[in-house]
Amino acid sequence: MATEPNPLNALINQVTSTPPLQSSNEERMFYEKHLSDLANSNQNMLERKKYAEYIFSFTCIWCICIFSILILKGLGKLALSDTIIITLIGSTTLNILVFFTLVTKYLFNSEKST
């Protein structure tokens with residue numbers, strides 16, 4: 001899988017490759033904090049992308065499992081009562097949706113987003 005060019009990496013490389021200037025300690029600390037913030041933002045973007053793909057894959061697999069159970073039940077190959085099927089599908093799907101919502105809100109929180 002080829003990596004996509006990241007504009008944030010290009011910006012970090014450009015800033016870090018500039019020749020050092022005579023500056024005060026306060027300016028140097030500001031500069032280093034800015035570099036750290038850029039690196040942190042880049043890492044956050046990469047992690048969000050990775051976990052968004054994981055969440056999507058997990059949700060798709062879950063839907064396939066639920067549809068498989070329904071098809072097997074409909075064809076008579078799965079001998080479970082209707083109450084068990086309803087409980088299985090309802091409770092576990094609710095758990096998956098709550099999990100999906102919590103993870104998504106944490107990963108894409110606009111208040112903490114950088």
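Trainee: Is Leu75 buried or exposed?

Mentor: Leu75 is exposed, with a relative accessible area of 60%, where exposed means over 50%, buried means under 20% and partly exposed lies in between, using a 1.4 Å probe and protein chains only. Bear in mind that this is a predicted model, in which local features need pLDDT of at least 70 and side-chain atom pairs count only at pLDDT 80 or more, while totals for chains, interfaces and linings use all residues. Residues are numbered from 1 along each chain as its sequence is written, and side-chain values use heavy atoms, with hydrogens and water left out.

Trainee: Where does Leu75 sit, and what surface patch is it part of?

Mentor: Leu75 is found in helix H2, helices being DSSP runs of H or I with at least four residues, numbered from the N terminus. Together with Phe67, Leu70 and Ile71, Leu75 makes a nonpolar surface patch of about 440 Å². Such a patch is made of residues with over 30% relative accessible area and no salt bridge, with nonpolar side chains (Val, Leu, Ile, Met, Phe, Trp, Tyr) joined within 5 Å and like charges within 9 Å.

Trainee: Okay, salt bridges then. How many does the structure hold?

Mentor: The structure holds three salt bridges, each defined as a side-chain nitrogen of Lys or Arg within 4 Å of a carboxyl oxygen of Asp or Glu. Lys33 and Asp37 meet at 2.9 Å, N to O, Glu47 and Lys50 at 3.4 Å, and Asp82 and Lys73 at 3.8 Å.

Trainee: How far apart along the helix are Lys33 and Asp37?

Mentor: Because they are four residues apart in helix H2, Lys33 and Asp37 are separated by about one helical turn. Glu47 and Lys50 also both lie in helix H2, three residues apart, about one turn of the helix. In general, an α-helix has 3.6 residues a turn, so residues three or four places apart point the same way.

Trainee: And how exposed are Asp82 and Lys73?

Mentor: Asp82 counts as exposed at 54% relative accessibility, whereas Lys73 is partly exposed, with a relative accessible area of 27%.

Trainee: Switching topic, how many disulfides are there?

Mentor: The structure holds zero disulfides, a disulfide being a pair of cysteine sulfur atoms within 2.5 Å. Cys60 is in no disulfide, and the nearest cysteine sulfur, that of Cys63, is 6.5 Å away.

Trainee: Now inward: which residues of H3 are buried?

Mentor: In H3, Ile85, Ile89, Ile96 and Leu107 are buried, and what covers the buried residues of H3 includes helix H2, residues 25-75.

Trainee: What span should H3 have?

Mentor: Helix H3 has 26 residues, 82-107, and should span 38 Å at 1.5 Å a residue; its end C-alpha atoms are 37 Å apart, which agrees. The expected span is 1.5 Å times one less than the number of residues.

Trainee: And what is the overall pattern of the chain?

Mentor: The chain comes to three helices and zero strands, in the pattern α-α-α along the sequence, and 13% of its 114 residues count as buried.

Technical notes: Helices (H or I, at least four residues) and strands (E, at least two) are DSSP runs, numbered from the N terminus. Contact means heavy atoms within 4.5 Å. Accessible areas come from the Shrake-Rupley method with a 1.4 Å probe; for residues, only the protein chains shown count as cover.
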